[in-house]
Amino acid sequence: MIFGKVARILADILDLDFQLEEEQITLDMALTPEFDIEKIQMVKLVMECEKNFKISIQDEKVHTFHTLGEFVKYIENAVSENEGNIAESSEEERMWWHYS
């Protein structure tokens, strides 16, 4: 589920037709300029994923992602942590989270 969302975001950033390029966007895809992923596109990917998944991705971690799979795994872990934090929060905090 998360991979599919990230793949669609990446396809939009790279201006690809997701249906045609689906086989090219895989967990093994390298996130490097050699594979047409420029720094500005990586920044856009991070920002869009932060917004879509309501997470924060540390700047120093961005440079450690070599493949899309590593990036997706980080997002999965961050989403799980956020869900755990929400479950532990008070009713008032959950209402704020839901409506913000």
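Reader: Which helices each supply at least two residues of the lining of the largest pocket?

Author: Helix 3 and helix 4 (59–62) do so, a helix being a DSSP run (H or I, at least four residues) numbered from the N terminus. The model is predicted, with local features needing pLDDT of at least 70 and side-chain atom pairs pLDDT 80 or more, whereas totals for chains, interfaces and linings use all residues. Residues are numbered from 1 along each chain as its sequence is written, and side-chain values use heavy atoms, without hydrogens and water.

Reader: What makes a residue part of the lining of the largest pocket, and which residues lie nearest its centre?

Author: A lining residue has an atom within 4 Å of a pocket point (a pocket is an open set of points on a 1 Å grid over the protein atoms alone, where a 1.4 Å probe fits, with protein on both sides within 12 Å along at least five of seven lines). The lining has 15 residues, with Lys39, Met42, Val43, Val62 and His63 nearest the centre. Helix 3 gives the largest share, 5 residues.

Reader: Why is Lys51 called exposed, and how is Glu48 classed?

Author: Exposed means over 50% relative accessible area, buried under 20%, and partly exposed in between (1.4 Å probe, protein chains only). Lys51 has 56% relative accessibility, so it counts as exposed. Glu48 has 29% and is therefore partly exposed.

Reader: What makes the contact of Lys51 with Glu48 a salt bridge?

Author: The term requires a side-chain nitrogen of Lys or Arg within 4 Å of a carboxyl oxygen of Asp or Glu. The closest N and O atoms of Lys51 and Glu48 are 3.4 Å apart, so the pair meets the definition. A search of the whole structure finds 1 salt bridge. Both residues lie in helix 3 (residues 39–53), 3 residues apart, about one turn of the helix.

Reader: How do you know that the buried residues of helix 3 line one face?

Author: The buried residues are Gln41, Met42, Leu45, Val46, Cys49 and Phe53. Seen down the helix axis, they fall within an arc of 140 degrees, so they line one face of helix 3; the arc is that of the directions from the axis to the C-beta atoms.

Reader: What follows just after helix 3?

Author: There, Lys54 takes a positive phi of about 55 degrees. Across the protein chain, the secondary structure comes to 6 helices and 0 strands.
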